[in-house]
Amino acid sequence: MVSLVLVSHSKLLAESLVNLVRQMAGEEVKIGVAAGAGENHDEFGTDATQIAQVIQEVDSPEGIVVLMDLGSAILSAEMALELLPEDVRSRVHFCPAPLVEGAIAAGVQASLGNDPQTICREACQALQPKAEQLHFSEPAPAPAAVEEGVPAPTAGEIHTIVLELTNAHGLHARPAARFVQTASRFKADIRVANLTTGSAAVSAKSLNALATLGALHGHQIQIQAQGDQAAEALQALAKLVEERFGEAAAPPQPTPSAVPAIEPQPSDEHILRGLPVSEGVAVAPIFHYESLPPLIPDYQAKDTATEWQKLQGALEKVRRAILERQREMVNRVGEDEAAIFEAHALLLSDEELLENARMLIEKKHYNAARAWKESVDTIIARFQALADDYLKQRAVDVQDVGNQVLRELSGEAHEKIVFQEPVILVADDLTPTETASLDLERVQGIALLSGGATSHSAILARSLGIPAVTGLPMRIKQIPQQTPVALDGFKGEVLIQPDERIRQEFEARRTRWLEEKQRLLASTHQAAVTRDGLVIEVAANVGNLTDAQTAVQNGADGVGLLRTEFLFLTRQTAPTEEEQYQAIHQIGLTLQGKPVIVRTLDVGGDKPLPYINQQPEANPFLGVRALRLSLQQPHLFRTQLRAILRAGADTYLRIMFPMVASIEEVHQANQFLQKVHQELQEEGLPHRWPIETGIMVEIPSAAVLADALAPHVAFFSIGTNDLTQYTMAAERGNPQLNYLNDALHPAVLRLIGEVTAAAETHGIWVGVCGELAGDPLAVPILIGLGVRELSLNAAGIPRVKAVVRNLTTEQAKQAARQALACSNAQEVREMAANFLKTLPEK
Ligand code: PEP
Ligand code: MG
């Protein structure tokens, strides 16, 4: 008899379903359950290893029919197939029927002794009786909700879709920002309603309006569009929602520490309890931080046009400042955590905020600051009235951005929080801007009244490694300034005026906690070797001497990419040979004999230099940049190559040419390098020769020509940032094209596969130095494709090394095969996330 396997995200659901099936099909049919994730399978999710195991448990010579619920259940099931022995695999039949109806029909058919094909067919038709009973022929249009104050569309057909939000937090700040960006690309009036809460429809082009829908995970939203591009708009929005806005999983939670807690036992009135949001412990005096509201002048606007312009000017300045801050934070805490600043920048062009402010200036003659404040306050009040805590917290973002604009209008600078002594910072909440400007040296802990585990201050505190507790009671505000407190970021407690014994215990715990962190960091100094002995070089991308020092501290096996641009940008004249020699030599010495790949200048086009003569270009990314520029500016190129070869005399340097598109360019560059060597030799100047010389593969033509290029170089380093933008024809800095700019797209991975295959034939090695190398999800795939060096932001090195150590080459190859077979980047990400879960912890 054919047996069944039910794959579901929920163990409870699958087990109850078995009971239901048994009611109809009896006890004879073998039914296996592979459901849930986590240690006891009581979390939502699916697990490929478990599915493979259950299939083997119920294996039957007549066949096994597998029914799945949705999304990653299907991916996991497909992955499970790969884990099965050949003979079992041939007996497995995947059935696309709806889980509940399908399982009941399949159970009945199996109990009748039918074959797998018949069972699957019957299961797929199981929805029919229900549809007939409900007289269902095609999707009924969802009821249109009407938004107050927004005129109903007047012309053209109204297109409607209903979607379920499956990402972790629904339309919260970042997904809402992506939603607005996508909607704004289309010529259409687009409105969204939350069907789950019955909210009125609001504009899809306003971030604030969207967030007030209170649309959370699992809610159904209805999107209506009318206008020239209504259909395209809905298609794009549906894709965005289906791809869960590019989000991976639920927001990070503080990880429990391996440091055992010694239980201090002060009396209860001395303990304030909140939410532990960032691990660690600290003892220091309290510093109450109050963010003063900016001043609002009270004059009436005489010239409304000037007031409006003033506001526009301030908005533009704040936008630039926010984007600058975002860049800074990407370096400090990584892209994901810094992405909130993108949402902040978007708030500045929010239709509703601006329209309200303009109306107040024009109709009520408010001055710019007053009009802006009133408009901001209206939105804040609306957020605060929402029931959901997560959405309530978005009021903090609006306040943050609102205050920055007010400060800009009043000419006040944003105050930098600087401390003379170690402190535990106490505040109502900290805006991302305030958190970003914390004096890290002295802030030992953060204690906040508001903010949950998902607040930005919490996320940033975690990324910055500062212990933090949020959601503390008001009483903390009454504790006098400078009072010593002990903060426990593991338990979420603040102990007021700890006695000597408790203070000592906390200090000892802090030492142990910091040591533990150090110890983890210490394993990063060992090589990254897979379980079966393959050594992977994990190197750092470096932009200056400080980066190089951080790289060494974080256990980099070398520098896989030294971006020499830092020597050239921000100057009015070209750096001399001596200046370049000194800078590169210093970095070489810092790496203490480990290899440093010095990339020759990658500027021009989008990064023009004032001291070189360049024509304006319509498409700078496709223009005279990088190696093309160097070959056209021999003086510049010669000076740089001389400096590099000389700096390599007593350090281990390699050279790499960026943006190679053709074999001729490699020949020209190699000949140029040869000439520079002869020159130095004639001058009797010590320099590195021969020098390992490689190229970046970041233009698709180079990837396609890899077999022709390989004989002329010592290595390839794949620049996935540019390779992705050129392969997908999607500018890498354009946030509207983020969905195309994912280097895990199978199109990019296939190119990488071609490069590694060509390199293997010619006996040279391949590295990856684009951002992809630092993405733990990508690590197994890249290694499986044959990449042997990964170069990334120094902060990510300990983690990437840990992933490498957990793999076998065979597993990596399997991940690569599966990735190549996926049809888009999102599928690859889901597959890779599941794959990492199947690896044993080390
Ligand atoms: C790349 O393109 O992937 C790369 C590493 O170079 P850059 O980011 O400097 O263009
Ligand atoms: Mg590049």
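The structure is a predicted model, in which local features need pLDDT of at least 70 and side-chain atom pairs count only at pLDDT 80 or more, while totals for chains, interfaces and linings use all residues. Residues are numbered from 1 along each chain as its sequence is written, chains are lettered from A and ligands numbered from 1 in the order in which they are written, and side-chain values use heavy atoms, with hydrogens and water left out.

**The magnesium ion**

Select ligand 2, a magnesium ion, together with Glu-698 and Asp-722; the ion is coordinated by OE of Glu-698 and OD of Asp-722 at 2.0 to 2.1 Å. Donors here are N, O and S atoms within 2.8 Å of the metal (3.2 Å for Na, K and Ca), and water is not among the atoms, so sites may look incomplete. The two residues link distant parts of the chain, 24 residues apart: Glu-698 belongs to the loop between β22 (693–697) and α26 (700–704), and Asp-722 to helix α28 (residues 720–728). Helices (H or I, at least four residues) and strands (E, at least two) are DSSP runs, numbered from the N terminus.

Glu-698 is buried at a relative accessible area of 2%, and Asp-722 is buried at 3%. Buried means under 20% relative accessible area, exposed over 50%, and partly exposed in between (1.4 Å probe, protein chains only).

**The aromatic pairs**

Rings of Phe, Tyr and Trp (its six-membered ring) pair if their centres lie within 6.5 Å; planes under 30 degrees apart count as stacked, over 60 as edge-to-face and the rest as tilted. By this rule there are 4 aromatic pairs.

Select Phe-287 and Phe-419 next. Their ring centres are 4.9 Å apart and their planes stand at 75°, so the pair is edge-to-face. Phe-287 lies in strand β11 (residues 281–288) and Phe-419 in the loop between α17 (394–410) and β12 (423–427), 132 residues apart. Phe-287 is partly exposed at 27% relative accessibility, whereas Phe-419 is buried at 4%.

Move on to Phe-715 and Trp-765, a stacked pair with 4.7 Å from centre to centre and 10° between the planes. Strand β23 (residues 715–718) holds Phe-715, and strand β24 (residues 765–768) holds Trp-765, 50 residues apart. Phe-715 is buried at 0%; Trp-765 is partly exposed at 25%.

**A cluster and two charges**

Finally, select Phe-637, Phe-657 and Phe-672, which form one aromatic cluster. Lys-675 lies over the face of Phe-672, at 5.7 Å from the ring centre. Elsewhere, Arg-509 lies over the face of Phe-506 at 5.4 Å. A charge sits over a ring if NZ of Lys or CZ of Arg is within 6 Å of the ring centre and within 35 degrees of the ring normal.
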